[in-house]
Amino acid sequence: MIHQSAWLGKNVLIGENTVIEQEVIIGDNTTIGSNVIIHKGTIIGSNVIIDDLTCLGKYPMANKKMARKPDTGLAPLLIGDHVTIGANCVIYRGSIIHDGVLVGDLASIRENTEIEDESIIGRNATIENNTRIGSRVTVQSNAYLTADMIIEDDVFVGPCCSSSNDKYMGMGNYPYQGPILKKGAKIGNNATLLPGIIVEENATVGAGAVVTSNVPQGKTVVGNPARQLG
Amino acid sequence: MIHQSAWLGKNVLIGENTVIEQEVIIGDNTTIGSNVIIHKGTIIGSNVIIDDLTCLGKYPMANKKMARKPDTGLAPLLIGDHVTIGANCVIYRGSIIHDGVLVGDLASIRENTEIEDESIIGRNATIENNTRIGSRVTVQSNAYLTADMIIEDDVFVGPCCSSSNDKYMGMGNYPYQGPILKKGAKIGNNATLLPGIIVEENATVGAGAVVTSNVPQGKTVVGNPARQLG
Amino acid sequence: MIHQSAWLGKNVLIGENTVIEQEVIIGDNTTIGSNVIIHKGTIIGSNVIIDDLTCLGKYPMANKKMARKPDTGLAPLLIGDHVTIGANCVIYRGSIIHDGVLVGDLASIRENTEIEDESIIGRNATIENNTRIGSRVTVQSNAYLTADMIIEDDVFVGPCCSSSNDKYMGMGNYPYQGPILKKGAKIGNNATLLPGIIVEENATVGAGAVVTSNVPQGKTVVGNPARQLG
């Protein structure tokens, strides 16, 4: 079902059972798979690939227990040119995915997130709300990026990396702050990053490390708790 | 496709390409997205939201190698009032999800699970069979709750937390027992919980800790293996 | 939509809104759910179950930043007899899934992967490209198996286990090598395996261990970094 108010460019290919809601805009030469849902107002560039069974532009959800209520004034989801999005993904309204980004299958990206040019979001990765991801960043498969993170250009986040933004574990009434990963930082697989820690430029976190304090520029930490090598 | 034996309340909204099988019951003011599958007999309350591409009420699966064969006499899936379920979720027959629960996108919940009022199951979280989750529990994104766990009220399970119920790793012929998390316990992100360990009331497990023995009431453990602080 | 060039055996059941593309072959007594996509050329055996919202036979994706470009000459996806595949799964072209394998919901399996008879791939597990998995292997829920792994028969991989194949974290120009798990090896939940490490026959890796060097035959390692017990 393509709503009559949607606008499609030239050579747009759309699979079977795909739903394109009101006022969606899709650029030239974009290919959309089958059983995809594109919600109201989503704007998609040219030469984009959206794979099967993906949901784009959904609104955030909430229940009574949630400390932070979702933003209801979100802008439409914006997807740049030459972006590729896998199958069974979920991407929210209020985010911007810039040119050339690749999003793996089964990944989810929440609202108010921005992902700069040429970055990779791995399969089954989760990106929470209000997180900024620079250019040429690699977020490997199954990585978990909490809300309120800042990830600068050329960072590498290994598979299954975990992060947190809530020092008091659900007690509420405290400011949330996700980790900050500076330009060129590298995080090994299954590392654990605590709320608000800073991994400075070109620093390295070893696989499985539990990072409880800041990592200085160019240094490497390993272990639980993580300690500087050498 | 809505089967003629399904019963829908007032003001039920249903998206495109959604399949509602025999004898499904849906309460008033419930909204169901597009490309959703609701299997035979599922009972859904009022003021519920079910997002796109979600599968509700499926039967368990098995192959020859599986130690524990699935229960074939499962009751229908029951979903209470004011429940919100995200996109691309999978929830099995034989479970009960009580009023006001929120289930994030890409989460899965197996059979014979019960989740009490106002709890949150995070995005991409996995809840295995026979697990009990109390009221106002937060299970953060990407957390893995094994089968046969008991989680009391007001527990916080951080993102990417991992648990196991099988001390002998697939050797079979041993009783399975998941961890037990008592009222108000808090588990940090990417912590590892071994089979059968008990985290007592208001105890805290640090991020990245590997918990190999019980954690006393109100105490905090960190490290690998986890040791008591102070 | 079933393409006219697809070939279906006897007693094949197909749900609603399912797309079966050109030249797909499906054996006798196979059951396929609703809102499933089966891409061009996929070959499926007899007595197979494919659950709702699953995508089979898709091509790999790439962007400019990816070090390794996908293989464009992939053979069709082959699925043997008595295979069961869950809901919301994604399985690529160029892989072979042998008889009796079970794949849990929300799992993904990339190209050039082979999984031998009777193995189990858990729910929400991720199997990257070029990985070989033997017979009667259990890969538990949420486990992450990187590319270029070799997993021999009767291995047990616990839930949330993480692995890596890239010693230099995205710097490129180095050979990739995933871990090698020999016959009967057992890996505990949330363990971290570094690139190229070998876990020898019947060796055991404890829950939460960070394995930075080879594990000798029949021995057990625990901790961060993992050290031999006893």
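Tutor: Start with one residue pair in chain C: C:Ile38 has C:Leu56, in β9(C), as its bridge partner. Keep in mind that this is a predicted model.

Student: What makes β6 and β9 of chain C paired strands?

Tutor: Strands count as paired when there are at least two bridges between them. Strand β6 (residues 37-38) and strand β9 (residues 55-58) of chain C are joined by two bridges, and they run parallel. The count meets the cut-off, so they pair.

Student: Which strand does β9(C) pair with over three bridges?

Tutor: That strand is β12 (residues 90-92) of chain C, and the pairing is again in the parallel sense. C:Leu56 stands opposite C:Ile91 there.

Student: Why are β2 and β32 of chain B called edge strands?

Tutor: Take the sheet first. In chain B, 12 strands form an open sheet in the order β2-β5-β8-β11-β14-β17-β20-β23-β26-β29-β31-β32, with mixed pairing. β2 (13-14) and β32 (227-228) of chain B each pair on one side only, and that makes them the edges. The partner of β2(B) is strand β5 (residues 31-32) of chain B, in the parallel sense and over two bridges. Within that pair, B:Ile14 has B:Ile32 as its bridge partner.

Student: How many helices and strands does chain A have?

Tutor: Chain A has zero helices and 32 strands.

Student: How do you know whether the radius of gyration of chain A agrees or disagrees with that of a compact globule?

Tutor: The rule for a compact globule of 230 residues gives a value near 17 Å, and chain A has 18 Å, so the two agree. The C-alpha atoms of chain A fill a box of roughly 60 × 35 × 20 Å along the principal axes. Buried residues account for 61% of the 230 residues in chain A. Among its contacts between residues at least 6 apart in sequence, 21% join residues at least 24 apart.

Student: Which residues touch the most other members of the largest nonpolar core?

Tutor: They are A:Val211, B:Val211 and C:Val211, in a core of 204 residues. Leaving aside neighbours within four places in sequence, the contacts of C:Val211 include C:Leu193, C:Leu194, C:Ile197 and C:Val221.

Student: Why is B:Asn11 called exposed?

Tutor: B:Asn11 has 12, so it is exposed. B:Asn11 sits in the loop between β1 (7-8) and β2 of chain B. Its phi is positive, about 55°, although it is not a glycine.

Student: Is B:Asp148 buried or exposed, and how do you know?

Tutor: The cut-off for buried is 20 or more other C-beta atoms within 10 Å. B:Asp148 has 22, so it is buried. B:Asp148 lies in the loop between β21 (144-145) and β22 (150-151) of chain B. Phi of B:Asp148 is also positive, near 65°.

Student: How do you know what kind of axis relates chains B and C?

Tutor: A rotation of 120° with 0.0 Å of shift along its axis superposes chain C on chain B, with an RMSD of 0.0 Å. That is the relation of a three-fold axis. A rotation of 120° with 0.0 Å of shift also superposes chain C on chain A.

Student: Do chains C and B meet through like or different surfaces, and how do you know?

Tutor: Only 16% of the interface residues of chain C are also interface residues in chain B, so the surfaces are different. In this contact, 37 residues of chain C meet 31 residues of chain B. The chain C side divides into 10 nonpolar, 19 polar and eight charged residues.

Student: How many residues take part where chain C touches chain A?

Tutor: Chain C gives 30 residues and chain A gives 37. The chain C side has 14 nonpolar, 12 polar and four charged residues.

Technical notes
Residues are numbered from 1 along each chain as its sequence is written. Chains are lettered from A and ligands numbered from 1 in the order in which they are written. This is a predicted model: local features need pLDDT of at least 70, side-chain atom pairs count only at pLDDT 80 or more; totals for chains, interfaces and linings use all residues. Copies are superposed by least squares on the C-alpha atoms of residues with pLDDT of at least 70 in both. Two residues are in contact if their C-beta atoms, placed from the backbone, lie within 7 Å. Ala, Val, Leu, Ile, Met, Phe, Trp, Tyr, Cys and Pro count as nonpolar, Asp, Glu, Lys and Arg as charged, and the others, Gly among them, as polar. Helices (H or I, at least four residues) and strands (E, at least two) are DSSP runs, numbered from the N terminus. The radius of gyration is taken over C-alpha atoms; the globule rule is 2.2 Å times the number of residues to the power 0.38. A nonpolar core is a set of buried Ala, Val, Leu, Ile, Met, Phe, Trp, Tyr and Cys residues joined through C-beta atoms within 7 Å.
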